[in-house]
Amino acid sequence: MLERYQPTTAGLHNLNDLVLRGNSEIYLTDTEGNHVFRFDRESHRFAELNLGRPVFEPNGIAVSGNGDVLYVGDDLGVIRMDLRTKQAQDVKPAEHDTMAGVDGLYWYEGDLVGIEYGTADYRVMRWKLTQDGSEVKSSEVLERGTDMVRNPTTGAILDGKLYFMANTGIENLEDGRIADPAKLEPLRIAVLPLK
């Protein structure tokens, strides 16, 4: 269910990841304020989404290939919202796996690809979904624990490859400022084939 968003001066906001749906809708996460919004490009209005449960630091966001389903990653997992019925539920992960702490989230050929930071093990995952997209049939680790990839974050898929930032340096931030300039290093872009 969409609710009209009434901004207040009390809370902090950090509009983070976004995904386009058609020509008139943008869905975006507010990581600091713990909200997910729909922005209407024609009316220029934000509306907050009711995802069936509170969201905690929502970040990665993706829309299914047919545009009917929205996926939102937060510190607890991934929520699936049917945009036609407005029904929302958590995606059930594969046994002995987690979908918690997703930063970048992408739809690719019926699967979800996620860059996770909240698992204590930075990793890039591919989750094969059931036909209705409500459960994970199987999980595949695409990358984890290499020297090149430290604190990975958002990327993009192009021509069957995931391009993502491999060493963002986020761990070197304190209160929005660089903690130790000596630890800065050039940004590396990693490339993972998905085919």
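Tutor: Ala, Val, Leu, Ile, Met, Phe, Trp, Tyr, Cys and Pro count as nonpolar, Asp, Glu, Lys and Arg as charged, and the others, Gly among them, as polar. On a 1 Å grid over the protein atoms alone, a pocket is an open set of points where a 1.4 Å probe fits, with protein on both sides within 12 Å along at least five of seven lines, and lining residues have an atom within 4 Å of a point. Here, the lining of the second largest pocket has four nonpolar, five polar and four charged residues.

Student: Before we go on, what kind of model is this?

Tutor: It is a predicted model, where local features need pLDDT of at least 70, side-chain atom pairs count only at pLDDT 80 or more, and totals for chains, interfaces and linings use all residues. Residues are numbered from 1 along each chain as its sequence is written, and side-chain values use heavy atoms, with hydrogens and water left out.

Student: What is the volume of the second largest pocket, and which residues lie closest to its centre?

Tutor: A volume is the space filled by probe spheres set on the grid points, which are joined across faces, edges and corners. For the second largest pocket that comes to about 260 Å³. It has 13 lining residues, and Thr 168, Gly 169, Asn 172, Lys 183 and Leu 184 are the closest to its centre.

Student: And the largest pocket?

Tutor: That one holds about 390 Å³ of space. Its lining has 15 residues, with Asn 14, Thr 31, Glu 57, Asn 59 and Ile 170 nearest the centre. By class, five are nonpolar, seven polar and three charged.

Student: Where does Thr 168 sit, and what does it touch?

Tutor: Thr 168 lies in the loop between E15 and strand E16 (173-174). Contact means heavy atoms within 4.5 Å. Leaving out residues up to four places away in sequence, Thr 168 touches Arg 150, Asn 151, Thr 153 and Leu 187.

Student: Is Thr 168 buried, exposed or partly exposed?

Tutor: Buried means under 20% relative accessible area, exposed over 50%, and partly exposed in between (1.4 Å probe, protein chains only). Thr 168 is at 25%, so it counts as partly exposed. Compare Ser 64, which is buried because its relative accessible area is 7%.

Student: What surrounds Ser 64?

Tutor: Its place is the loop between strand E6 (61-63) and strand E7 (69-73). Beyond neighbours within four places in sequence, Ser 64 is in contact with Val 69 and Trp 107. There is also a polar contact (N or O atoms within 3.5 Å, one able to donate a hydrogen and the other to accept it; residues adjacent in sequence count only if both atoms are side-chain atoms). In this case, the side chains of Ser 64 and Asn 66 are joined at 2.7 Å.

Student: How do I read strand pairing?

Tutor: Two strands pair if DSSP finds at least two bridges between them. Strand E12 (residues 123-129) has antiparallel partners: six bridges join it to strand E11 (residues 111-116), and seven join it to strand E13 (residues 136-144).

Student: Why is E12 described as largely enclosed?

Tutor: Because six of its seven residues are buried.

Student: What should I look for in a hairpin turn?

Tutor: Check phi. Most residues other than glycine have a negative phi. His 44 is not a glycine, yet its phi is positive, about 60°. It sits in the hairpin of E4 and E5, with four residues between the strands. Those strands pair in the antiparallel sense over four bridges, and Arg 38 has Ala 47 as its bridge partner in E5. His 44 is exposed, because its relative accessible area is 58%.

Student: Which residue in the turn between E14 and E15 has a positive phi?

Tutor: Asp 159, at about 50°, in a hairpin with two residues between the strands. Four bridges join E14 (residues 155-158) and E15 (residues 161-165), which run antiparallel, and Leu 158 stands opposite Lys 161.
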